[in-house]
Amino acid sequence: MNDKVNVRMCFVCRNYLPKEKMLRITKNNGEAFLDKSLKSGGRGSYLCSAECLKKARKTKRINSLPGCSVSEEFLDKLESEFENG
Ligand SMILES: [Zn+2]
């Protein structure tokens with residue numbers, strides 16, 4: 001793998017993409033948190049697209065993020081992030 005490009009795996013479709021193109025979701029005090037700086041510590045989960053977000057919502061897969069409570073509000077926020085590019 002080319003290590004000049006920092007790629008991450010989307011937890012829905014399992015494709016690898018440059019992390020700059022993805023949304024990083026981390027945990028903050030037991031709640032899901034959108035890490036826009038891509039710098040907060042701990043484990044992050046990455047989503048590549050609005051499609052994957054929709055899939056994750058439908059299958060409730062997003063609720064399997066370790067130890068996170070994920071609100072509908074948060075998911076709406078993620079969706080608008082993808083829509084706004
Ligand atoms: Zn994906």
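Good morning. Cys48 has 16% relative accessibility and therefore counts as buried (under 20% relative accessible area; exposed is over 50% and partly exposed lies in between, with a 1.4 Å probe and protein chains only). Cys52, at 5%, is likewise counted as buried, whereas Cys13, at 26%, counts as partly exposed.

The model is predicted: local features need pLDDT of at least 70, side-chain atom pairs count only at pLDDT 80 or more, and totals for chains, interfaces and linings use all residues. Residues are numbered from 1 along each chain as its sequence is written, and side-chain values use heavy atoms, leaving out hydrogens and water.

Which residues are the protein donors of the zinc ion? They are Cys10, Cys13, Cys48 and Cys52, each through SG, lying 2.2 to 2.3 Å from the ion. Donors are N, O and S atoms within 2.8 Å of the metal (3.2 Å for Na, K and Ca); water is not among the atoms, so sites may look incomplete. In sequence, the donor residues follow the spacing C-x2-C-x34-C-x3-C.

Why is the arrangement tetrahedral? The 4 donor atoms subtend angles of 106 to 116° around the zinc ion, which makes it so; for four donors, the criterion is that all angles lie between 85 and 135 degrees. Ideal angles for four tetrahedral donors are 109.5 degrees.

The structure holds 0 disulfides (pairs of cysteine sulfur atoms within 2.5 Å).

I turn to the sheet. It is open, with 3 strands in the order S4-S3-S5 and antiparallel pairing. Strands are DSSP runs (E, at least two residues), numbered from the N terminus, and two strands pair if DSSP finds at least two bridges between them. Strand S3 (residues 23-28) pairs with S4 over 4 bridges.

How values were computed:
Tetrahedral: all angles 85-135°; square planar, octahedral: opposite > 155°, others 65-115°.
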